[in-house]
Structure formats: C-alpha cells, structure tokens
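Reader: I would like to learn how to read the core and the salt bridges of a protein model. Could you walk me through one?

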Amino acid sequence: MHTKVGYKVGYKVCMLLLLLVMGAATAQAAERADTIKLRVMTYNLRLGELASLEELAAHISSFKPDVVCLQEVDIHTKRAMCPHQNGKDFISTLAYNTGMFGIYGKTINYRGGYEGIGMLTRFPYINIKKVPLPNPQNTEPRVALVVNCEVGADTLCFAATHLDVVAIETRNIQANYLCDLLQQQPYPVVLAGDFNARHYTETIQKIMNKRMAPMTNDDMTFPAWNPFLKLDYIYTWPIDQWHLKHTQTIQSLLSDHLPIVSDIIYVKKH
C-alpha cells in the first residue's frame, strides 16, 4: 500500500517537474521568436594607413559581427600617407576576406578614386540608399548609407554615417536630419558611425541621446594609442524596443580610432 502511494506521489512530482521544464522551454522559444539579437560594430579605418586590408578584415571577423559600419573607406585612391593601399578597393577586399556583403557610399572624389563610408553585413540586403547630409557651411560633403536587410523573416534598417569634422552647427543639423530621416523608416533602425562629436556635446546629449537609444557607453575611442575623446557611437530606434546587452570598446592599433562592438536586442511588439 505504501509503495503504491509513494509511486503515485513520485509520478506526480515527475509530471510537475516535466511541465515546469516544458513551460520554461516554451517561454524561451517564445522569447526567441519575439526578439532579434544582433552584434553591431562601428570602425573608422583611417584610410588603411596603419594596417593592411587583410589585417583589418581578420580583426573585424574575430568579433563575429552581424553588421559593421565603416568610415574613411577608399576605393582606387593614391595617397602619399599610405602607399601600400594605392589603387585598392577597400570594401570589396574587406567583404571578400570577411565573407560578408559589402556596400559602399562615396562622399568625395580623391586622387583617381573615391573616399567614403561603407557597410559589411551578413544579411542579404533588399535596397540601398545613399543620402547626402545637409552642409550649410559647404565643408566636405557627408552622407548616410541606409540599407534595408532581410534578417530572418524580418526587415531591419541599418545606417552608417560620418558627420562633419569642422563645424558644431553643421553636426547638429546633420544629427537632427538623420533622426528625422530614420524615424520615418517603417522598420527597426540601427545607426552607427563616427559622429565627430564628444560625448558631452549638444550633438550627443541634446540631440542623439534624446531622439534615439544609445547602444554604447562613454569609453573614449580616439586616438587609439591614448584615447581621450569619444567620437564613435551606435544608436537604435524605436527607443523603447531596443536593449543593450553588452558593449565593448576594442583596444587595437590598426587604426587611429578604436572600434566598438555592441550586442543589442530588439523586442517585437504584437
């Protein structure tokens, strides 16, 4: 009699534990279905002056990013400061050596080629748009590269940029323009790049940090060998649907900027 009672109790306990485990597994599956996890990197390459493209590609690949926003990317230029890069196609070489899709946005013509910004993504892209940024003081042209990608069954918008280096007023105008542009997107947005703005300035504190969700910390990123300025950032939109899981400013001397890698999570709304 006691054996039967013990058996029934043990059976009920086992079933209860099984249900709890199944419930937890179902909840985890639901969470995975309702979230998108990404690793995003931003990296100013300093025109490849301090490293080969193969070294830069290996460095990027070692962090296994989903998307990389790149600045100071040359194609077929000839520079006295970095003759080892003369005539090279940065974005095609980096894409080949990382196994990612490469996308390019020219900003200026330069010595037989182009200087601009780029993006590497492991996701297939749906469409690409290069958007000129406002330039009221007629300084060097700047652009945003806006790319919609297939991320599983979802579509996400990734944007790369490099803001004006000369004028505070121009950077503020460009930052507001970018927020206006990207907040009209029908898809979740990730924006990354070199904003040429210190973390305590109006561009960052009163515009970017209020209008989009910051996905980095206040670690300094420039110059790489003795960083005392933060110039590089990652942002997302909508603000309430993105969460920062982890961010790291990578110690590296392959450029004059330190790359940033952030693990971020998008939570879908039903």
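Author: Happy to! A nonpolar core is a set of buried Ala, Val, Leu, Ile, Met, Phe, Trp, Tyr and Cys residues joined through side-chain atoms within 4.5 Å. Buried means under 20% relative accessible area, exposed means over 50%, and partly exposed lies in between (1.4 Å probe, protein chains only). A word on the source: this is a predicted model, where local features need pLDDT of at least 70 and side-chain atom pairs count only at pLDDT 80 or more, while totals for chains, interfaces and linings use all residues. Residues are numbered from 1 along each chain as its sequence is written, and side-chain values use heavy atoms, with hydrogens and water left out.

Reader: How many residues does the largest nonpolar core have, and which have the most contacts inside it?

Author: Here the largest core has 26 residues, and L38, M119, F158, V190 and W242 have the most contacts inside it. Strands are DSSP runs of E, at least two residues long, numbered from the N terminus. Those giving two or more residues to this core are β1 (35–44), β2 (67–75), β4 (113–121), β6 (143–151), β7 (154–162), β8 (189–194) and β12. With 5 residues, β6 gives the most.

Reader: What does V190 touch?

Author: A contact means heavy atoms within 4.5 Å. Leaving out residues up to four places away in sequence, V190 touches L38, V40, C157, F158, A159, I234, Y235, T236, W242 and I264.

Reader: Now the charged side chains. How many salt bridges does the structure hold?

Author: A salt bridge is a side-chain nitrogen of Lys or Arg within 4 Å of a carboxyl oxygen of Asp or Glu. The structure holds 10 of them. One of these pairs R79 with D74, whose closest N and O atoms are 2.5 Å apart.

Reader: Are R79 and D74 buried or exposed?

Author: R79 counts as buried because its relative accessibility is 6%, and D74 is buried too, at 1%.

Reader: Which residue does D240 pair with?

Author: D240 bridges to K269, with the closest N and O atoms 3.1 Å apart. This pair links distant parts of the chain, 29 residues apart: D240 sits in the loop between β10 (232–237) and β11 (242–249), and K269 in the segment after β12 (260–267). D240 is partly exposed at 48%, whereas K269, at 57%, is exposed.

Reader: Which residues do shared partners join into one network?

Author: R46, E49 and D256 are joined that way. E49 is partly exposed, at 26% relative accessibility, and R46 is partly exposed with a relative accessible area of 26%.

Definitions and conventions:
Helices (H or I, at least four residues) and strands (E, at least two) are DSSP runs, numbered from the N terminus.
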